[in-house]
Amino acid sequence: MKTLEELLYYCEEPEPVGAVLLTGEWGCGKTYLIDNELKASLKDKACLIRISLFGITTIDGIHMAVKQAWISEYNRDKKWKSVAEKAQQGKEFVGKLEFLPEWVRGIATTDWQAFIEITNTIEEKPVILVFDDLERCKIKIVDLLGAINDYSENKKIKTIIIADEEKILNRENDKKDYSDFKEKIIFQTIKLESNYDEIIDNIILQYQETEKGYLEFIKTNTHVIKQIFYESEYNNIRTAKALLSSFERVYGEWRKTTISTTRLENVLYSYSAIYFANKANAYKKTSYGYYDHKEIRE
């Protein structure tokens, strides 16, 4: 099966037995696959909620991020009023219970989100919870996997974890705990082998231009971007997306001149080569100055 088909099979399975791990190198398109292809395939069938663990330092921070994302998804169809009313009623009720300590009543009446219960469905649609950037989270791996397992096992929410597993296994402090706990929580590991040509085509197709004519120019010269993408050996989809946005400024300034846009293909090649080399930390200054695109290519 293809990666997307495997993920869809899991999302549509009635009684999954654990979480799924989607692994692959940084920038290979894991998040893109979830946010675009999987989300489109599950449209009107399920509620896909993705939370980035990047930089989160506490378990409470994870739960808060999940709750806020869940509420946002619930509100997508303009149901905010009913959620807010329910929370408000809970606040007022708890605030009037005099037998509770004052500090408890105070918290209850200020933190209305405490009255929102995270469930495994929203309007009868199953919730698919995606935890992204596992290897970038600052929480101890055992505690982190335990928190994720609470959603998967206890709350019965279908859970997908996105990570570059090699990064975790290369960390001495984490690899043993990760290996021990992984088999208790993750029942299937899917490694993404990306079709970069197709991903780049889709990124360009979905690009929202601000400079008139830029998208058509990029479509005509897609081969240039792909060539640099592979020649650089820095296969990072985020960098390819950032390149499109960055070069649009060059295109905008170029159009203000009288120079023919036909020469822009060469400029795009040089600009892309330098852009990718810089991201890969390969664009170095020597006694002769900086490398030009020909030296990078060689």
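Helices (H or I, at least four residues) and strands (E, at least two) are DSSP runs, numbered from the N terminus. This is a predicted model: local features need pLDDT of at least 70, side-chain atom pairs count only at pLDDT 80 or more, and totals for chains, interfaces and linings use all residues. Residues are numbered from 1 along each chain as its sequence is written, and side-chain values use heavy atoms, with hydrogens and water left out.

Start with the helix pair. The axes of helix 1 (residues 3-12) and helix 2 (residues 30-41) come within 10 Å. They cross at roughly 60 degrees; axes are lines fitted to C-alpha atoms, for helices over the stretch in contact, and angles run from 0 to 180 degrees between N-to-C directions. Helix 1 contributes Thr3, Leu4, Leu7, Leu8 and Cys11 to the contact (heavy atoms within 4.5 Å). Helix 2 supplies Leu33, Ile34, Glu37, Leu38 and Ser41.

Now the loops. Asp44 lies in the loop between helix 2 and strand 2 (47-52). Asp44 is not a glycine, yet has a positive phi of about 70 degrees. Asp44 is exposed, at 61% relative accessible area. Here buried means under 20% relative accessible area, exposed over 50%, and partly exposed in between (1.4 Å probe, protein chains only). Glu123 sits in the loop between strand 3 (121-122) and strand 4 (125-132). Its phi is also positive, near 50 degrees. Glu123 is partly exposed, at 48% relative accessibility.

Last, the cysteines. Cys28 is buried, with a relative accessible area of 3%. Cys47 is buried too, at 6%. The count of disulfides (pairs of cysteine sulfur atoms within 2.5 Å) is 0.
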